[in-house]
Amino acid sequence: MSSTSGARHPLAPAGSAETAAAAPISDPLRDVRSLSTALVAHFAEHVARCGTLPGDALRGEVTTVTRTCLELAAGVLEGRDVSGKIERLQRAGADWAREGIPIGTIHRAVHDGFALGFDLIVDATGPEDYARLAVTARRLFEVLAMVDSAFAVAYVREHRAVVAEHHTAVHTVASALLAGHPTSTMARAGGLEIDESYYILALSIPAHAGESDPRVDGEVVARRKLRRVQSELARRAGGRALSLLSADGGTVLLPASDASTAELDELIAGLSTAAQVPLTATVIHAETPRIPEAAEQAHELLDMVHRLECASGLHSFDDLAMEYQLTRPGPGREYLGTLLDPLDEFPELLETLRRHIGNDLSRRHTARLLGVHTNTVDNRLKRIGQLTGFDPAQPSGLWYLRSALVARSYRKAERVRIGRPDTMVASSAMK
């Protein structure tokens, strides 16, 4: 039907004369006492009937907060200052977060309350009030956003405070264990349990590609990488892992009662996925009193893995015991370190040998990494045998060449070990 009067529809867009002149409708929200009682009864019946909220909270705090929400809604609709109401909601949200009340329960109650309140406003309006109802609906959406935001901010703040407190306790206990200090008192204070033995992981975290991207802040990329690793570690270890980590690596103590050697490989794979870079780790199992010694040994092993350019992933002491022993100072190490001197004039041969051994003697993998054909790898290995007198194709020759490579790597200047326990303890104490 066409209009002959030129009158606008009652729900015309904002800016029309009718809508601009319309005032929000807040009368149905003025009876705060009776309305809050009805809303709390609804919450008890439909929102928190499984015992999420204690009885005292329903009778006292929830009723008070419900009144605050109603007063806030009326205040916004009537153009009054509501900053004090928002602060009151944030204080209540922090209290409920500390009591362990799920934020989903809070949001459900808020949304139910707004739906019931809006129903009351709709019931109190007639056809002539549609323009005012449209304005009221828009303003109530603003109020809903304010209330949701107030509770969300409170929960996030409280969560961060709890996480920071737990993080401090973990750092304190981990530092004490790595230093060989008594930990019982501080562990109890932090709500932590000390296991009889641990898997000590020395962890190396390479740089993410974004850390060297000039278009972004490399430090921010590194921090995000570390947070992803810490989050994944907490998830997989159920919060019981003790760690001292930086963006480059560090030390992780896993209670032996909660993990198995088979699960450790999956853990490193999961942490690599979270970090978005391939992690390298070494592991040693030790009784709790032996943690300082075992941690130092694990990082020495990690240093050796890097020197030998081994593949990423988890490396155990059992797999590298021979190589580790060869790194100990003495005439044997000095002699073995000279066996590869004939290759000094042929750096491509030395690199081929290092890659070949580091890749578990996989010719195909070595060729791919070097960007050459597998026949080239074979020819280089034969040349190595001719120059050194040890044939890489023979077990005895390979043993000497591998031993020489290990010993030779320690003839160079010592490299600072990544995440060494004493360094990590000192750095964490400065934060």
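**Exercise 1. Trp96 and Phe151**

Task: Decide whether tryptophan 96 and phenylalanine 151 are buried or exposed.

Solution. Start with the cut-offs: buried means under 20% relative accessible area, exposed means over 50%, and partly exposed lies in between (1.4 Å probe, protein chains only). Tryptophan 96 is buried. Phenylalanine 151 is buried too.

A word on the source: this is a predicted model, in which local features need pLDDT of at least 70, side-chain atom pairs count only at pLDDT 80 or more, and totals for chains, interfaces and linings use all residues. Residues are numbered from 1 along each chain as its sequence is written, and side-chain values use heavy atoms, with hydrogens and water left out.

**Exercise 2. Aromatic pairs**

Task: Find how many aromatic pairs there are, and describe the pair of tryptophan 96 and phenylalanine 151.

Solution. Step one is the rule. Rings of Phe, Tyr and Trp (its six-membered ring) pair if their centres lie within 6.5 Å; planes under 30 degrees apart count as stacked, over 60 as edge-to-face and the rest as tilted. The count by this rule is three aromatic pairs.

Step two is the geometry. Tryptophan 96 and phenylalanine 151 are stacked, with 5.9 Å centre to centre and 20 degrees between the planes.

Step three is the location. Helices (H or I, at least four residues) and strands (E, at least two) are DSSP runs, numbered from the N terminus. Tryptophan 96 belongs to helix H5 (residues 83-98) and phenylalanine 151 to helix H7 (residues 130-179), so the pair ties together parts that are 55 residues apart in sequence.

**Exercise 3. A second stacked pair**

Solution. First, the geometry: phenylalanine 390 and tyrosine 400 are stacked, at 5.0 Å centre to centre and 20 degrees between the planes. Next, the place.

Then the accessibility. Phenylalanine 390 counts as buried because its relative accessibility is 18%. Tyrosine 400 has a relative accessible area of 33%, so it is partly exposed. Last, the cluster: ring pairs link Phe390, Trp399 and Tyr400.

**Exercise 4. The largest cavity**

Task: Work out which residues lie nearest the centre of the largest cavity, and which element gives the most to its lining.

Solution. Begin with the terms. On a 1 Å grid over the protein atoms alone, a cavity is a set of points where a 1.4 Å probe fits but cannot get out, and a pocket is an open set with protein on both sides within 12 Å along at least five of seven lines; lining residues have an atom within 4 Å of a point. Grid points are joined across faces, edges and corners, and a volume is the space filled by probe spheres set on the points.

The structure holds two cavities of 30 Å³ or more. The largest cavity has a volume of about 310 Å³. Its lining has 22 residues, and Phe43, Thr66, Cys69, Ala109 and Val110 lie nearest the centre. Helix H2 (32-47), helix H4 (61-77), helix H6 (103-123) and H7 each give two or more residues to this lining. H6 gives the most, with nine residues.

Now the classes. Ala, Val, Leu, Ile, Met, Phe, Trp, Tyr, Cys and Pro count as nonpolar, Asp, Glu, Lys and Arg as charged, and the others, Gly among them, as polar. The lining of the largest cavity divides into 18 nonpolar, four polar and no charged residues. Cysteine 69 counts as buried because its relative accessibility is 14%.

**Exercise 5. The second largest cavity**

Task: Name the residues that line the second largest cavity.

Solution. The volume is about 50 Å³. The lining is Leu308, Cys310, Arg354, Ile357, Gly358, Arg402, Leu405 and Val406. Helix H14 (347-358) and H17 each give two or more of these residues. By class, five are nonpolar, one is polar and two are charged. Cysteine 310 has a relative accessible area of 19%, so it is buried.

**Exercise 6. The second largest pocket**

Task: Find which residues are closest to the centre of the second largest pocket.

Solution. The pocket holds about 230 Å³ of space. Its lining has 13 residues, with Thr261, Val283, Ser316, Phe317 and Asp318 closest to the centre. Helix H10 (261-275), strand E4 (280-287) and strand E5 (313-316) each give two or more residues to this lining.
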